[in-house]
Amino acid sequence: MTHYPNGLPRPLVIEGDQAECLTNIFRDDINLAIWRRSLRPKIVQFVEALVQRAGKLERFTSLEPTQSVAGILPAWAQALEGVEDWLADVEQLVNMYRCLFEPAAVGVRLHVIESPMCPRFHVDRVPVRLLCTYQGAGTEWLPEPLAKRPIKPGPLPEQPVKNHQLLRLPMGAVALLKGEAWEGNEGRGVVHRSPPPEEGARVVLGVDWLA
């Protein structure tokens, strides 16, 4: 068995069709947990209208426990059909994240984009990040046996992989990705990237641990 610098074995991925599978992120041997789910029709309707109206949109908000997620949207988007369903879904994801990790504050990012945010393979310098793709291709990630890690602390080396070897988060799925800042996970963060631009418009939500 290959061991990493911190003495832990090669990290694993877990998937399930129930939200409870996300709690496995606390296991030392798991660095990616995926809750596979389908989006409700009204959410899909809202997202399609958002893309058609916005074209490109990048929004960020920092939320204290009592603050609403509605501020992530511009005023015009809050009038679109289905917005209540989408905001309720985002609120659920933020509350799940808070319940799991108990951060003092969370950062919520919304991207409506056609070009890749992070086209190169990388690891996140955060404890744990929640990602959900509401439209378009999901984030691509590498199975651990294919990931090339630096021998010493430093930048991630080039990843000589072929397209058929890549895995992709399904649209609508909720994923928790451990980063390098998770205690004991140094050198084991999920290796991932944005999908190619020819995949079309994407709507991606991210939730981060701020404090």
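**Ground rules.** I am working from a predicted model, where local features need pLDDT of at least 70, side-chain atom pairs count only at pLDDT 80 or more, and totals for chains, interfaces and linings use all residues. Residues are numbered from 1 along each chain as its sequence is written, and side-chain values use heavy atoms, with hydrogens and water left out.

**Helix H1.** I looked up H1, residues 41–54, and found 14 residues that reach 20 Å from first C-alpha to last, close to the 20 Å expected at 1.5 Å a residue. (Helices are DSSP runs of H or I with at least four residues, strands are E runs of at least two, and both are numbered from the N terminus.)

Next I checked burial, with buried meaning under 20% relative accessible area and exposed over 50%, for a 1.4 Å probe and protein chains only. Ile43, Phe46, Val47, Leu50, Val51 and Ala54 are buried. Down the axis of H1 they fall within an arc of 135 degrees (taken from the directions from axis to C-beta atoms), so they line one face. The face turned away carries exposed Pro41, Gln52 and Arg53.

I then noted the packing partners of the buried residues, among them helix H2 (83–101) and strand E3 (57–63); contact is heavy atoms within 4.5 Å. Just after H1, glycine 55 takes a positive phi of about 75 degrees.

Conventions: The expected span of a helix is 1.5 Å times one less than its number of residues.
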